[in-house]
Amino acid sequence: MSIVDLRNLSKSYGRKTVLRDINLSVQPGEFMVVFGLPVSGKSVLVRLITGLEKPDAGQIVLRGVDMTRAAPGDRNLGYVPQSFALYPHFSVYDNIAYPLAIARAPRDETREAVQSAARLLKIEQFLDRRPDQLSGGQKQRVAIARGLVKKSEIFVLDDPLVGLDFKLRERLIEDLKATQEQLKVTFIYTTSEAVEATQLASTLAMLDHGEIVEIGPPEELYARPARAETMRNVGFPQANFISGKLAQRDGGYWLSTPLFESALQQSANARVPLDQAVALPISVGVRPEHVVLGAAPANGANGAFEFEAKVLLREDLGGEEIVYLEAGGQQLATVLRSDDEQALDIHIDQTVTAHIHPERAVVYADGKYVGRAG
Amino acid sequence: MIDITVKNLSKKFGDFTALKDLNMTFPAGTVTCLLGPSGCGKTTLMRIIAGLEVPTTGEVYFGNDQVNRLSTRQRNIGMVFQYPVVYRGINVRQNIELPLTEDKTLSKAERDKRVDEVLDILEMRHAADADISELDNGTRQKVACAREVARRPRIILFDEPITNVDINSKLQLKRALKELFTRLKQTIVYVTHDQTEAMTLADQIALMNEGVIAQMSKPRELYDKPNDAFAGFFLGNPGMNFYEGIAVNGGKVTCPLFPMPIELAAAHAGERSVTLGIRPEHVRIVGAQTALAVPAKVTSRAVVVGGQYLVTLKVGDTESAFSIAAKAKTRAGADHVTVGSDVWVEFPIERVRVFGQSETQPQV
């Protein structure tokens with residue numbers, strides 16, 4: 001049975017609909033990441049779950065009980081807000097203990113809870129300090145610990161790593177994942193960072209313009225995205241998108257793009273049948289790792305799409321390199337490992353040959369999955 | 001073209017020491033990136049070079065000239081800031097030309113030549129007559145860079161010029177900077193906290209930490225051969241795996257990463273213990289036992305950059321508490337590396353960095 005159940009939730013401000021018919025079931029022990037670009041509605045969703053705002057329609061069911069109209073204090077949720085404030089005149093200990101002090105928890109219980117949260121977030125040695133004696137990262141750890149100190153099985157974290165240093169985020173991602181696993185609790189966590197989302201989530205919900213368009217394990221959404229927005233945004237670097245046209249031809253269907261053309265078969269998993277897709281805007285997604293440098297291997301009828309491209313820029317991530325290309329008026333990114341020999345002799349403005357295997361070209365009509373070009 | 005040298009440079013703000021006795025040279029005609037976490041001193045160093053901040057001790061030289069007493073204006077430097085500084089109401093060409101008109105020795109023909117040169121490099125000839133207010137902030141930043149470059153000051157300082165540009169303009173701005181830097185060979189100091197930006201644009205990176213230069217090297221050298229644990233930690237996503245306090249006996253180390261004792265280079269053979277570091281993408285998961293492989297169990301897997309899997313491993317005696325953890329980055333599509341599976345793992349010796357025993361894993 002799900003521990004958090006959101007049913008047909010909607011929320012508008014004036015004429016602007018921020019959340020539309022949200023349905024989300026969260027299982028006990030799940031690390032549910034609600035992933036979406038800024039202003040996709042993530043923070044409003046958090047405010048509805050925590051009770052800081054009320055939905056216009058729909059239900060919020062916690063632990064099997066309808067809590068849609070319940071006050072925030074009655075929901076028994078741990079909460080880590082996006083922007084945190086620590087009490088400057090309190091010690092780190094008292095800052096973390098604050099939610100328990102309000103709830104008038106016994107002193108022993110409080111001490112144990114504070115120490116355990118501090119241990120998980122690796123700030124045990126700072127409990128006697130005041131916030132101004134801590135680094136930015138340590139302060140964020142205190143804020144997260146304060147959110148986790150509550151005796152609850154459900155925690156809501158609203159983009160807690162946004163704006164933090166790259167390195168700090170790397171560490172906190174590891175520590176948050178370990179914390180959730182050790183506590184064996186349920187996390188509902190929002191972010192707009194793809195790699196943060198795929199590293200943390202056991203289940204990922206893709207929020208796009210106020211709607212949850214897709215839910216699943218992150219690897220599944222990465223490998224088989226049913227929506228163009230999922231393919232574009234779940235993954236770093238972002239997937240390439242090429243505009244295309246779909247037409248009926250010789251009793252079948254024919255896809256054409258500025259880079260390649262191909263026959264298209266009806267797919268069993270299609271969200272839009274081909275006869276309807278022809279009337280819709282067509283886009284073709286290709287992940288950067290599937291834009292391959294070098295000539296296509298010659299292998300007959302189902303061969304790869306080969307094209308010439310100009311190198312715009314090489315961006316060195318250390319372990320990998322992103323090579324930006326321009327081909328047929330389209331901009332494409334590809335990724336190499338820095339230990340690939342290929343990575344050595346590519347330079348800006350050079351013309352290179354690249355290819356894409358047809359089964360790696362994912363066709364969407366009006367953003368919905370139609371099929372693959374191979 | 002002129003180099004910049006700082007000698008015994010320190011800066012204190014009250015009790016806080018921002019820079020600790022720096023001695024370094026920024027080579028003429030090249031791009032030096034000052035890279036490091038917030039609070040490392042990179043911005044303070046740049047401001048001292050610019051003359052916007054007075055050092056507590058030490059000297060700054062442009063070539064052979066000591067410039068400590070010169071004002072920012074007298075130092076003849078160009079500056080590009082986080083937010084584009086452009087003049088409204090005039091077009092792109094006029095924006096770039098404006099500072100050149102102050103130099104009365106330049107003829108109109110010479111001014112046009114300089115403006116055209118940068119417009120060509122930036123592929124912006126067609127936009128020369130565009131009004132500044134019609135441009136997005138990425139293009140405005142390109143204009144701001146072009147103006148400083150065309151003026152040919154002795155040195156140009158860039159203070160995180162890409163950070164606040166719209167995500168859609170970042171690529172074109174990076175490309176523009178790369179082109180300007182490569183073609184014009186000016187002496188450039190570029191401050192950033194973004195390792196990718198530094199690795200992409202720099203001729204050399206001065207990695208800073210807590211007011212000192214941790215290492216100054218060419219980008220790939222800094223990444224592949226970090227001299228200290230901080231460089232191994234700060235660069236890379238994620239940074240290195242570290243193994244601290246590995247005992248050295250008879251010049252060799254024995255640890256769960258290797259199936260046999262490993263001989264250390266002479267430089268470390270005399271230490272009592274060392275810290276070992278290896279980058280996740282260099283940890284090799286192999287299908288079957290090899291002479292270099294040790295057993296491991298896959299404990300988690302997540303898709304990261306470019307479809308690679310970031311995998312965590314329990315290495316060594318995988319059923320006991322004595323096993324050690326390692327992160328590995330597989331290539332895209334390594335679907336056979338599943339959570340819970342037993343695998344063999346190689347830690348290639350040529351990829352393992354050995355740090356002295358005082359080097360511990362940096363904390364954030």
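This is a predicted model: local features need pLDDT of at least 70, side-chain atom pairs count only at pLDDT 80 or more; totals for chains, interfaces and linings use all residues.
Local features need pLDDT of at least 70 and side-chain atom pairs count only at pLDDT 80 or more, while totals for chains, interfaces and linings use all residues; side-chain values use heavy atoms, without hydrogens and water. Residues are numbered from 1 along each chain as its sequence is written, and chains are lettered from A in the order in which they are written.

**View 1. The contact between chain A and chain B takes 36 residues from chain A and 43 residues from chain B.** Contact means heavy atoms within 4.5 Å. The area buried between the two chains is about 3400 Å², and carbon and sulfur atoms give 52% of that area. Buried area is the accessible area (1.4 Å probe) that two parts lose on being put together, summed over both. In chain A, the residues that lose the most area to chain B are K167(A), R171(A) and R337(A), together 20% of what that side buries.

**View 2. Eight salt bridges are counted between chain A and chain B.** A salt bridge is a side-chain nitrogen of Lys or Arg within 4 Å of a carboxyl oxygen of Asp or Glu. One of them joins R175(B) to D349(A), with the closest N and O atoms 3.4 Å apart.

**View 3. F241(A) and Y364(A) form a tilted aromatic pair, with ring centres 6.0 Å apart and planes at 45°.** Rings of Phe, Tyr and Trp (its six-membered ring) pair if their centres lie within 6.5 Å; planes under 30 degrees apart count as stacked, over 60 as edge-to-face and the rest as tilted. F241(A) lies in strand β11 (residues 240-249) of chain A and Y364(A) in strand β20 (residues 362-365) of chain A, so the pair ties together parts 123 residues apart in sequence. Helices (H or I, at least four residues) and strands (E, at least two) are DSSP runs, numbered from the N terminus. Both F241(A) and Y364(A) are buried. Buried means under 20% relative accessible area, exposed over 50%, and partly exposed in between (1.4 Å probe, protein chains only).

**View 4. In chain B, F242(B) and F355(B) make a tilted aromatic pair, 6.1 Å centre to centre with 45° between the planes.** F242(B) belongs to strand β11 (residues 241-249) of chain B and F355(B) to strand β20 (residues 353-355) of chain B, so this pair ties together parts 113 residues apart in sequence. F242(B) is buried at a relative accessible area of 10%, and F355(B) is buried at 2%.

**View 5. Helix α1 (residues 42-50) of chain A has seven of its nine residues buried, so it is largely enclosed by the rest of the structure.** The buried residues include V44(A), L45(A) and I49(A). Just after α1(A), G51(A) takes a positive phi of about 90°.

**View 6. E53(A) forms a salt bridge with K11(A), the closest N and O atoms being 3.8 Å apart.** E53(A) lies in the loop between α1 and β4 (57-62) of chain A, and K11(A) in strand β1 (residues 4-13) of chain A, 42 residues apart. Both E53(A) and K11(A) are buried.
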